[in-house]
Amino acid sequence: MEGHVIGPGPYRATKLWNETIRLFRGGMPLRRHWANFRCYDGTFTGSEAVDYLHELLRSNYNFGPEVTRYQTLQLLRKFFKAHVIEDIKGRHGTEDFEDNSHLYRFPTMSPLKSLPTRPSWRDGSDLPRLIRWDDYEELPQKENVAPPKSAVLTSDLWNKRHSVAIGDVHECKLIRRREVTSKQVDHIWKSMTITHLQRVLGLKTLDGILNPVHVNGKHIVDNIFSVSKTGIVVLENKADDMPYWVISAMKCLANWPEGNDSKQPLYPGFERDVLRTVADYYQRLKEPLLTFHLYEVFVNILSLLQEQDKGTEALQVSCLLLPPPNRRRLQLLLRLMARVCCNPHLPPLNDTISTRTLMVQMFSHCVLGSPDDMDLDELLATKLVTFMMEHHSAIFQVNTKLRCQVEEHLSHLKRAQIKYAGSDTDFSASPAFCKQIKRVDCEEQKVIGTQIPLQQLLEGLIADEELPVKDKRKRLKQFQKSYPDVYQKRFPTEESKAAVIPEKTPRLKPHLALFNLKKPFQPFQRSWSFRA
């Protein structure tokens with residue numbers, strides 16, 4: 001019984017606990033056993049329970065094949081204390097569960113954990129919106145330069161352009177955002193990183209998973225830009241760095257045998273003592289490297305590891321939220337684990353288990369853990385550390401998509417823009433989320449969104465008393481050609497048009513004057529002679 005994958009969401013560890021109990025109770029074979037000359041039906045031995053649950057966990061995607069038999073035994077002991085199982089005498093929690101022939105059974109009802117009420121973080125600590133063009137300053141104008149006058153479009157120019165914006169072009173001015181401070185840059189990285197993480201996890205909200213108050217934007221910036229050539233975080237305060245002797249011990253194991261200064265072990269088992277020195281340092285840390293605040297984030301990322309690219313991207317983004325000292329320790333540890341597991345020249349570090357299994361078991365609880373000591377912490381940490389160890393080089397690379405988005409936003413804030421007088425529209429605002437609507441609603445919105453501004457434009461043209469009547473008629477005629485539907489709706493009849501626009505006065509032609517001839521037409525008569 002493999003069960004189903006518990007996807008991302010709040011309290012995923014609690015859901016996994018309940019799912020494991022359900023699978024264990026529903027699939028564990030029960031049969032009749034004899035003990036102390038008595039017959040017990042519906043029971044199982046401790047060894048049978050370990051065998052079945054171990055195979056169940058290894059085949060379950062939520063945990064994976066890295067689960068060991070010892071980890072399975074530890075989980076059954078937690079089951080025994082939580083009264084998920086009991087011995088044949090009804091006792092639970094008073095003794096340890098043993099991997100032997102001792103008989104156990106299921107109680108009538110196994111206790112399942114109830115999901116706690118999700119805290120409401122959105123009301124008090126939700127992230128403010130990104131910094132945009134709300135604050136701006138005017139660019140200083142040069143002296144002895146007359147300010148630009150408002151350009152009035154002539155009727156001929158208006159007819160040529162067929163512009164919708166009938167009338168005067170408003171005065172405009174060049175504006176720019178105030179200089180972006182380092183604190184604002186940190187805030188932008190914080191806001192956009194959390195948004196990117198939410199999108200990768202496929203969640204509508206991060207309530208119950210990540211409280212934005214626990215995210216420091218400066219940590220993100222330092223993790224991206226304050227790095228060495230090899231990509232390891234460089235700390236500003238050297239006091240927060242690891243002790244020199246721990247770094248030397250890690251170099252010795254990572255580069256074995258060249259890492260040893262004396263070139264030869266000082267005594268048999270020297271490499272095991274060096275590993276124990278490193279393990280003691282990490283196991284004495286006050287909290288896991290992934291911090292208690294980010295526990296739910298990384299537990300939810302476990303559900304994405306089936307898709308390597310998606311899981312790697314989620315870990316790239318979430319590891320940017322770590323404090324720089326934690327990120328540095330985690331980088332060095334994972335790199336050490338990967339090199340030790342792949343080093344054929346390194347002697348065995350344990351006589352019973354492989355080096356890979358030893359490294360995962362030794363450091364998994366140093367990487368991931370919850371403040372409440374969740375019952376499945378060890379199994380979840382094993383799966384996460386195994387994946388991070390195998391892909392640590394890609395995980396600690398800065399996500400390209402996120403970096404490009406932030407840099408484009410910062411570049412946009414520094415770019416000057418043009419603002420028209422009386423216009424408060426901020427075109428830099430990010431688009432809102434879209435929702436699918438019906439085709440009928442879409443057509444209705446299309447009509448409303450285009451006709452209302454045109455109707456207002458037409459009414460403004462009609463009410464413009466300073467515009468000459470001749471120019472007004474020309475513009476109305478052009479409007480009628482461009483938008484006949486809007487024009488017809490405003491002037492359905494000639495009477496409605498005449499009530500608003502006076503008819504053009506007909507031009508009278510002048511009457512022809514009758515000119516009376518002073519004398520009637522007479523034939524030609526010679527009045528004088530050329531004779532001498």
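In what order do the strands of the open sheet of 4 strands lie? The order is β1-β2-β4-β3, with antiparallel pairing, where strands are DSSP runs of E with at least two residues, helices are DSSP runs of H or I with at least four residues, and both are numbered from the N terminus; two strands pair if DSSP finds at least two bridges between them.

This is a predicted model, in which local features need pLDDT of at least 70 and side-chain atom pairs count only at pLDDT 80 or more, while totals for chains, interfaces and linings use all residues. Residues are numbered from 1 along each chain as its sequence is written, and side-chain values use heavy atoms, with hydrogens and water left out.

The strands β1 and β3 are the edges, each pairing on one side only. β3 and β4 pair in the antiparallel sense over 2 bridges, and Glu 86 has Arg 105 in β4 as its bridge partner.

| Strand | Residues |
|---|---|
| β1 | residues 31-35 |
| β3 | residues 86-87 |
| β4 | residues 103-105 |

Helix α2 (residues 46-59) packs on the sheet and touches β1, β2 and β4, contact meaning heavy atoms within 4.5 Å.

**Two helices**

Helix α13 (residues 355-367) packs against helix α14 (residues 377-390) at an angle of about 110 degrees, with their axes 9 Å apart; axes are lines fitted to C-alpha atoms, for helices over the stretch in contact, and angles run from 0 to 180 degrees between N-to-C directions. The two helices α13 and α14 are therefore roughly perpendicular to each other, a term for angles of 65 to 115 degrees. Among the residues that meet are Arg 356 and Val 360 in α13 and Ala 381 and Glu 390 in α14.

Notes
Parallel < 35°, antiparallel > 145°, perpendicular 65-115°, else oblique.
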